[in-house]
Every structure is written in C-alpha cells, then in structure tokens.
Amino acid sequence: MTISEIKELLGAEVLCCEENINNSVYSACGCDLMSDVLAYVKDQAVLLTGLVNPQVVRTAVMMDMVCIVFVRSKTPSDEMLRLAEDNGIVIMKTDKRLYEACGILYSNNLTGEAQKA
C-alpha cells in the first residue's frame, strides 16, 4: 500500500513531506505510548497515534518509520513538522479515532506485520 492510499482511506490531510506519499509501506501500528512502540514494534512503517509531542517524531526516527498519522484531528507543532521534514517522515492528520483508523487500514490489508519480499 502507498502512503497516498492511506491518505485516501483515512480522508487524511498531508502536513509534511508530501513528496514522499507515493512510497510503499507494508505494516502499521497504532499506539499512544512511545515506550511500547520502542519495546514492541518492529519493522513498522506507519505510526498512528493521538499523542502530539516531539517525542513521537523522535521515536519514529529511531524506529525507521516513514509516516505518522495523527488521529482525532490532532495537529502537530511547527517544531514537530520541522523535525519530520528533516528526516523525510510524512506527517498526516485525520479526524478518525485511533481504533477506527487502524481498523480501516487493517481491513484494507495493511497489517501489523511486515511482508517478506
């Protein structure tokens, strides 16, 4: 699935790095606890979260994620957008709740596990 397809499925707005929305992704996770992302998430390309602070972007950078989707119309700060821009991470926001957004992506075959090439 491409990031562009995620945008369409979630009715999301791209806030940063739109030039990267045609990149493919094979897995996703939904989480508000960045310590859980660090401890349990492996090979996830997309992070869906309602937590809005710079640590979210820093965690995504550490985990080599390529896209963050903020749910419930949460809007990241300018600092967060600059950090994402510096690292080429697509930032989007959607009005959907975390549960709903994850369900939509999962039902469209974007699972929590990376596909083997």
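Visitor: What does buried mean here, and at what relative accessibility does Cys17 count as buried?
Guide: Buried means under 20% relative accessible area, exposed over 50%, partly exposed in between (1.4 Å probe, protein chains only). This is a predicted model, where local features need pLDDT of at least 70, side-chain atom pairs count only at pLDDT 80 or more, and totals for chains, interfaces and linings use all residues. Residues are numbered from 1 along each chain as its sequence is written, and side-chain values use heavy atoms, leaving out hydrogens and water. Cys17 counts as buried because its relative accessibility is 3%.

Visitor: Which phi does Cys17 have, although it is not a glycine?
Guide: Most residues other than glycine have a negative phi. Cys17 lies in the loop between strand S1 (13-16) and strand S2 (28-30); strands (E, at least two residues) and helices (H or I, at least four) are DSSP runs, numbered from the N terminus. Its phi is positive, about 60 degrees.

Visitor: Is Ser73 buried or partly exposed?
Guide: Ser73 is found in the loop between strand S4 (67-70) and helix H4 (78-87). Ser73 also has a positive phi, about 55 degrees. Its relative accessibility is 40%, so Ser73 counts as partly exposed.

Visitor: Which strands stand at the edges of the sheet?
Guide: The open sheet has five strands in the order S1-S5-S4-S3-S2, with mixed pairing; two strands pair if DSSP finds at least two bridges between them. One side of each edge strand lacks a neighbour in the sheet, because each has a single partner strand: these are S1 and S2.

Visitor: Which residue in S5 is the bridge partner of Cys16?
Guide: S1 and S5 pair in the antiparallel sense, over three bridges. The partner of Cys16 in S5 is Ile91.
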